[in-house]
Amino acid sequence: MPRGSTVRRTLLLGVLLPLALASCSSSGAVPAPAAGSTSPQGPVAAVCDHLPPGPATAPAGAVRVDPAVVDDLSAKTKNSPAGTTFWLAPGTHRLSDDEYAQVRPKDGDVYLGAAGAVFDGREKNRYAFAGPAKDVRLASFTVQGFTAPRDEGVVNHDSAPGWVIQHLTVQDNDGAGLMAGPKQQILDSCLRRNGQYGLNAYSGSAVVTGLVLRGTEVTGNNTANWEAKVPECGCTGGMKFWAVDGADVVGNWIHDNRGTGLWADTNNNDFLIEGNLIENNDSAAIIYETSYNAIIRDNTFRRNNLPDGRAHADRGDPFPSATIYISESGGEPRLKARTSNLDISGNLLQDNWNGVILWENADRFCNSPANTSSGSCTKLVPNVSTCSAPAIAKKPLYGDCRWKTQRVVVQHNQFTLNSKALGCEEVCGRMGVLSNFGSYPDWSPYQGAVIQQAITFQQDNSWRDNAYAGPWSFVAKEMSNIIGIGEWQSAPYHQDANSSYKPNGGG
């Protein structure tokens, strides 16, 4: 695995709730009108331990699965035709003790749980639901105790297409709770305390398209603390997306994960991240890395990146550890998407370690030894070996072999910070657009300050019409250049036109 369009389907009543009724309203919370993530009733998508129960009796025509019979779920799946509905009776359902025992659905199978139905791997079985079957539906039970290895998942292990996950609790597993395939929908579910990720959207050489994550609580994931075991693996957090083309992440509560809340890494495109509450994650709230074309709007971000930011400061690392981290990513009009920019707008960022950081590593490009997404090239150049000297020094490869931080617009956001309460007066509250001095490899055409100059002045990155409250400062062009709002708004940067700034207004 490398490091680095809305789908709305009406679901049959009696098996799964209609999508219109299955959104964030299951928690009783109503989004606020701006940056809409909380209400007097609580956060949007506060669904863990509050999911509605499944049917108390087996629906007409459904196959009853008996928790008293070991391996009943797997055996009845194997012996039933495609498109069967299975009803998991109340109790704990088990597989045999074989670590590779698993349920392998057939196309169109439906698994529906009664109140109290639990599918438990008992720390013996690796995978719960696996195989290539398409259009499988899971609803209203708990999946727990499975031991998927790192970078693998428990539910939809093989990233099959068209799965619908609704009112499901996936908790206390190793690896990822869910994998995701094309046109998968994850609705009003609870993904918590899984060893690596709540969700890992990855499908090998295939591209995951039309992915929907809506009304779901993603919390407490990466219990195995993989970054400590494999430093800088980039393999942890609430959720990770790889080569996803078209994703809606809407109305979720993403909180208290060890690591990043939401991480899109390597050749993702066309993301809508809207109306989420993202808070108390140890690292960045969002990382959008070596990817393209996204809308990040009307979200609320609170108290993210405090442990990671403080650790950076304690070891004297000058890099501005971000809350929204845009790394070698931006708008690309040549790729089909609902926007040709990377638009960060209408969000509320409150008491996070830092703000929005736009970064482009001068040494990271297709075919560079410094590219941690080794083996991957940009979506504009399919063959890695094409990006080599001397051709890379000339158009079009000079531009197309880079993942560019370009066409990023940061507008109409509110940034508030009480740095005194966070205990970080001198080292937090940064916003920035910057790069490093290019130096590697020796055949790179991007050596020196060319990328610092490009990301800062030539790639249409802009802040405007924002409101700042608190002692914010700005990092421009390179790490050591920390400036105030006056310099940021003046020549040569000309950023944050029509923005307001109240240095003592953050509390």
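This is a predicted model: local features need pLDDT of at least 70, side-chain atom pairs count only at pLDDT 80 or more; totals for chains, interfaces and linings use all residues.
Helices (H or I, at least four residues) and strands (E, at least two) are DSSP runs, numbered from the N terminus.

Residues are numbered from 1 along each chain as its sequence is written, and side-chain values use heavy atoms, with hydrogens and water left out.

Now let us step back and take in the whole chain. Its secondary structure comes to seven helices and 39 strands. The radius of gyration of the protein chain is 23 Å, close to the 23 Å from the globule rule for 507 residues, so the chain is as compact as a globular protein of that length. Here the radius of gyration is taken over C-alpha atoms, and the globule rule is 2.2 Å times the number of residues to the power 0.38.

How much of the chain is buried? Of the 507 residues, 60% count as buried. Buried means under 20% relative accessible area, exposed means over 50%, and partly exposed is in between (1.4 Å probe, protein chains only). The accessible surface of the protein chain comes to about 18,300 Å², and 51% of that belongs to carbon and sulfur atoms. These areas come from the Shrake-Rupley method with a 1.4 Å probe; for residues, only the protein chains shown count as cover.

The chain has 42 positive and 49 negative charges, and their mean positions are 4 Å apart. Lys and Arg count as positive and Asp and Glu as negative, leaving out His and the chain ends; each charge is placed at NZ of Lys, CZ of Arg, CG of Asp or CD of Glu.

Val 110 and Gly 195 are 85 residues apart in sequence, and their C-alpha atoms are 27 Å apart in space.

Next comes a stretch named in a database. An unreviewed UniProt entry lists residues 156-329 as "domain: Right handed beta helix". UniProt positions are given in the numbering used here, feature names are shortened, and annotations may be inferred rather than shown by experiment. Over residues 156-329 the chain is 7% helix and 43% strand, with the end C-alpha atoms 29 Å apart. Look for Ser 159, in the loop between strand 10 (153-155) and strand 11 (164-166). Ser 159 has a positive phi of about 55° although it is not a glycine, and it is buried, with a relative accessible area of 6%.

Further along are two cis peptide bonds. One runs from Ala 389 to Pro 390, with omega near 5°; another runs from Lys 395 to Pro 396, with omega near 0°. Pro 390 lies in the loop between strand 31 and helix 4 (397-400), and Pro 396 is also placed in the loop between strand 31 and helix 4.

Strand 31 comes up again when we reach helix 6. Which residues of helix 6 (residues 450-458) are buried? They are Ile 451, Gln 452, Ala 454, Ile 455 and Thr 456. These buried residues pack against strand 31 (356-360), strand 34 (430-435) and strand 37 (473-477).

Just after helix 6, Asp 460 takes a positive phi of about 60°. Asp 460 is found in the loop between helix 6 and strand 35 (462-464), and at 56% relative accessibility it counts as exposed. Leaving aside neighbours within four places in sequence, Asp 460 is in contact (heavy atoms within 4.5 Å) with Arg 407 and Val 408.

Our last stop is around helix 7. Gly 484 is in the loop between strand 38 (482-483) and helix 7 (485-489), and counts as partly exposed at 29% relative accessibility. In the loop between helix 7 and strand 39 you will find Ser 490, which is partly exposed at 37%. Asp 496 lies in the loop between helix 7 and strand 39 (500-502). Asp 496 has a positive phi of about 60° although it is not a glycine, and it is buried, with a relative accessible area of 0%.
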